[in-house]
Amino acid sequence: MGELSAEARGDMAQAMLPEAAGLIVDVHEGSAQDIRSRLQGLTRHELEALAVVVAALADPERPVLDALRWVDFDEYGDHVPVSTSRSARRVRDAVPNAAPRGHGIDVVAVDRALTPGDSVWLSSPERAFAVDVGIRRGMPYEDVAERLGMTVAAVQKAWTRAKERALAEGRPVPRQPVGQIGNVA
């Protein structure tokens, strides 16, 4: 959500508040189908905004046991009584020491950069990620290069590096760009 103004972020948060409130109620009182139905029609950007709004509604100082109390059930489906000996561990204490999974990549900016007509500045890691995303979406090297302001050779080299990284991490990699799969003899 890097390119949004403070006002736009506020508008988005306000627009997603009813969905966030509904999701919270569904998680605590509804069924898995209620949750699935609520999330099903949302776009990726709305889901990201929803995650931010739900996180904003959470209190990082709240004890973890209180935050997760609604999932304490016994084998018969009855609520487990809350222990009188509370853990001092707070939600804030559960934050991992590792870097976030996105490694600081603004996925909205990457998506906008790959959209025709949008001109967005990307950092080096975002540009590498954009090459990976663009090729996996089936965009030809030439289109990715044009949209990211790169040469075709640079896009090919970045795609090769992305494939090597994915293989090293055990993730699947198409043998060729998705857009060229139909061209196989």
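This is a predicted model: local features need pLDDT of at least 70, side-chain atom pairs count only at pLDDT 80 or more; totals for chains, interfaces and linings use all residues.
1. Leu-57 belongs to helix 3. Its relative accessible area is 46%, so Leu-57 counts as partly exposed, the class between 20% and 50%.

2. Overall composition. The protein chain contains 8 helices and 0 strands, and its elements run α-α-α-α-α-α-α-α from the N terminus on. Of its 185 residues, 22% are buried. The chain exposes about 12,500 Å², of which carbon and sulfur atoms supply 56%. Taking contacts between residues at least 6 apart in sequence, 50% of them join residues at least 24 apart.

3. Geometry of helix 3. Helix 3 covers residues 44-57 and has 14 residues.

4. The buried face of helix 3. Which residues of helix 3 are buried? They are Ala-49, Leu-50 and Val-53. Viewed down the axis of helix 3, the buried residues fall within an arc of 105°, so they line one face of the helix. The buried residues of helix 3 pack against helix 1 (6-29) and helix 2 (32-40).

5. The salt bridges come to 4 in count. In one of them, the side chains of Glu-19 and Arg-38 meet at 3.3 Å, N to O. This pair links distant parts of the chain, with Glu-19 in helix 1 and Arg-38 in helix 2, 19 residues apart. Arg-38 also meets Asp-26 in a salt bridge, at 2.7 Å, N to O. Here too distant parts of the chain are linked: Arg-38 lies in helix 2 and Asp-26 in helix 1, 12 residues apart.

6. The salt bridge of Asp-111. Asp-111 lies in helix 5 and forms a salt bridge with Arg-137, the closest N and O atoms being 2.7 Å apart. This pair links distant parts of the chain, 26 residues apart: Asp-111 is in helix 5, whereas Arg-137 is in the loop between helix 6 and helix 7. Shared partners join Glu-19, Asp-26 and Arg-38 into one network of salt bridges. Asp-111 counts as buried at 17% relative accessibility, while Arg-137 counts as partly exposed at 43%. Leaving aside neighbours within four places in sequence, Asp-111 is in contact with Arg-44, His-45 and Arg-137.

7. Helix 6 and its surroundings. Helix 6 (residues 124-136) has 13 residues and reaches 19 Å from its first C-alpha to its last, close to the 18 Å expected at 1.5 Å a residue. Its buried residues are Glu-126, Ala-130, Val-131, Asp-132, Val-133, Gly-134 and Ile-135. The cover over these residues includes helix 5 (107-113), helix 7 (141-148) and helix 8 (152-168). Just after helix 6, Gly-138 takes a positive phi of about 100°.

8. Where is Ile-105 placed? Ile-105 is in the loop between helix 4 (64-67) and helix 5. Its C-alpha atom is separated by 5.4 Å from that of Glu-126, although the two residues are 21 residues apart along the chain. Glu-126 is one of the buried residues of helix 6. Not counting residues up to four places away in sequence, Ile-105 touches Val-110, Pro-125, Glu-126 and Phe-129.

Definitions and conventions:
Residues are numbered from 1 along each chain as its sequence is written. Side-chain values use heavy atoms; hydrogens and water are left out. Helices (H or I, at least four residues) and strands (E, at least two) are DSSP runs, numbered from the N terminus. The expected span of a helix is 1.5 Å times one less than its number of residues. Buried means under 20% relative accessible area, exposed over 50%, partly exposed in between (1.4 Å probe, protein chains only). The arc is that of the directions from the helix axis to the C-beta atoms. Contact means heavy atoms within 4.5 Å. Accessible areas come from the Shrake-Rupley method with a 1.4 Å probe; for residues, only the protein chains shown count as cover.
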